[in-house]
Amino acid sequence: MKRYSENCIKRTHCIKDLAWSLKKEFERLVQDPKAFQAKLEGFAKTEDGQKLRKDFIETALQYPNVSGEVLTLLANNGRDEDVLQEVQNIARNPNTPPETLTLLAEDPNWNVKIGVASNPSTPTEILTFFS
């Protein structure tokens, strides 16, 4: 019985170490646009890459410390219906740089414009442009 509890403790410790390592890797990716782009490109090589890519981006957009550079990278990626929600989330994210918000303010989609208008980082001149 003692052997089982030791293995259980070790296994729990290993799982916690793995979770911590994955969290640190994710934090690195959302701060480094080149690494983030490489990760996105890596999804294209997998069978279920589109879903993995979408889930990865959605998680990154919900992460409070995602860098402005990564948000700009995502905002500048090609647009289609699959990424419209992502662009709306970028427009609302307070980490999005003002230059990127300025570009998103010109988006033809009104939901993106609403996201820009509600973002506390949006420059005053853009808000004036909307009024």
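## Ground rules

What you see is a predicted model, where local features need pLDDT of at least 70 and side-chain atom pairs count only at pLDDT 80 or more, while totals for chains, interfaces and linings use all residues. Residues are numbered from 1 along each chain as its sequence is written, and side-chain values use heavy atoms, with hydrogens and water left out.

## The overall fold

Let's start with the big picture. The protein has eight helices and zero strands. Here, helices (H or I, at least four residues) and strands (E, at least two) are DSSP runs, numbered from the N terminus.

Of its 131 residues, 35% count as buried. Buried means under 20% relative accessible area, exposed means over 50%, and partly exposed is in between (1.4 Å probe, protein chains only). Among contacts (heavy atoms within 4.5 Å) with a separation of 6 or more, 56% are between residues 24 or more positions apart. The accessible surface is about 8,800 Å², with 57% of that belonging to carbon and sulfur atoms; these areas come from the Shrake-Rupley method with a 1.4 Å probe, and for residues, only the protein chains shown count as cover.

## Inside the core

The largest nonpolar core holds 28 residues, and Phe36, Leu74 and Leu104 touch the most other members. Two or more residues each come from α1 (2-29), α2 (33-43), α3, α4, α5, α6 and α7. Helix α4 gives the largest share, five residues. A nonpolar core, by the way, is a set of buried Ala, Val, Leu, Ile, Met, Phe, Trp, Tyr and Cys residues joined through side-chain atoms within 4.5 Å.

Now look at helix α5 (residues 84-92). Its buried residues are Leu84, Glu86, Val87, Gln88, Ile90 and Ala91. Their cover includes α3, α4 (68-76), α6 (98-104) and α7 (110-118).

## Salt bridges

The structure holds five salt bridges, each being a side-chain nitrogen of Lys or Arg within 4 Å of a carboxyl oxygen of Asp or Glu. In one of them, Lys24 pairs with Glu27, with the closest N and O atoms 3.3 Å apart. These two sit three residues apart in helix α1, so about one helical turn separates them. Lys23 joins Lys24 and Glu27 in a network of salt bridges.

Arg28 and Glu25 also form a salt bridge, at 2.8 Å from N to O.

Arg53 is in helix α3 (residues 49-62). Arg53 is buried but has no salt bridge, and the nearest side chain of opposite charge, Glu86, is 4.3 Å away. (Lys and Arg count as positive, Asp and Glu as negative; His and the chain ends are not counted.) Beyond its neighbours within four places in sequence, Arg53 is in contact with Leu40, Phe43, Asn77, Val83 and Glu86.

Ser67 lies in the loop between α3 and α4 and is buried, with a relative accessible area of 5%. A polar atom of the Ser67 side chain is 3.1 Å from the backbone nitrogen of Val70. Gln50, in helix α3, counts as exposed because its relative accessibility is 61%.

Conventions. Polar contact = N/O pair within 3.5 Å; in protein donor to acceptor, adjacent residues only side chain to side chain.
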